[in-house]
Amino acid sequence: MKKYYNIMIFTISVFVLAALDQISKVFATNALKGNSGIPIWNDVLELYYLENTGTAWGLFGGARIFFIIITTIIFLVIVFFIYRLPFTKRNIPLLLNAILLGSGAIGNFIDRIFLGYVRDFIYFKWINFPVFNIADIYVTVGIGLFAILIFFVYKDEELTSIIKLQKDGGTKTYE
């Protein structure tokens with residue numbers, strides 16, 4: 001039964017975080033669409049509505065089907081990883097990481113499916129950073145956390161044992 005705790009925690013958390021992302025996008029759309037932007041911190045941070053059909057910096061604009069397919073594959077890989085992840089205290093950072101990545105993927109996936117674009121609204125004007133949203137923050141933090149975890153926290157054998165398909169279906173746990 002413990003095996004399904006990760007899936008349950010993951011599912012509930014992804015639902016809640018993706019819902020927060022969608023709620024923020026609804027507020028941003030209602031408050032910002034058609035406006036020139038709302039400065040939060042003069043010449044540094046601004047709320048600015050943008051409909052993005054691509055990735056960061058608008059790259060690969062119009063590749064909606066490609067993004068839907070890639071997001072589906074990535075999300076399924078994350079779910080597979082969570083299913084294989086032993087339910088231990090040591091693996092909580094990996095579970096949190098998967099929750100962030102999954103939430104970000106689903107948050108933008110919902111926009112792409114139902115709108116054909118992603119609603120972005122946070123703009124760091126000071127450094128002219130691409131306009132982004134809450135789901136993008138989840139993904140960025142998740143990728144950064146994952147890099148820290150694989151380089152500094154987990155041993156290669158630990159990660160390999162989680163993703164490797166074993167005949168008995170089990171995984172070795174590291175405490």
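Y4 counts as partly exposed because its relative accessibility is 46%, where buried means under 20%, exposed over 50% and partly exposed in between (1.4 Å probe, protein chains only). Welcome to a predicted model, in which local features need pLDDT of at least 70 and side-chain atom pairs count only at pLDDT 80 or more, while totals for chains, interfaces and linings use all residues. Residues are numbered from 1 along each chain as its sequence is written, and side-chain values use heavy atoms, with hydrogens and water left out.

**Aromatic rings**
- There are seven aromatic pairs in the structure, counted for Phe, Tyr and Trp (its six-membered ring) when centres lie within 6.5 Å; planes under 30 degrees apart are stacked, over 60 edge-to-face and the rest tilted.
- One of them is the tilted pair of Y4 and Y83, at 6.3 Å centre to centre and 55 degrees between the planes.
- This pair joins distant parts of the chain, with Y4 in helix α1 and Y83 in helix α2, 79 residues apart.
- F132 counts as buried because its relative accessibility is 12%, whereas F129, at 37%, is partly exposed.
- Ring pairs tie F124, F129 and F132 into a cluster.

**Helix α2**
- Helices (H or I, at least four residues) and strands (E, at least two) are DSSP runs, numbered from the N terminus.
- The buried residues of α2 include F67, I68 and F75.

**Strand β3**
- Six of the seven residues of β3 (residues 118-124) are buried.
- In β3, I122 is the bridge partner of L47.

Methods. Pairing = 2+ DSSP bridges.
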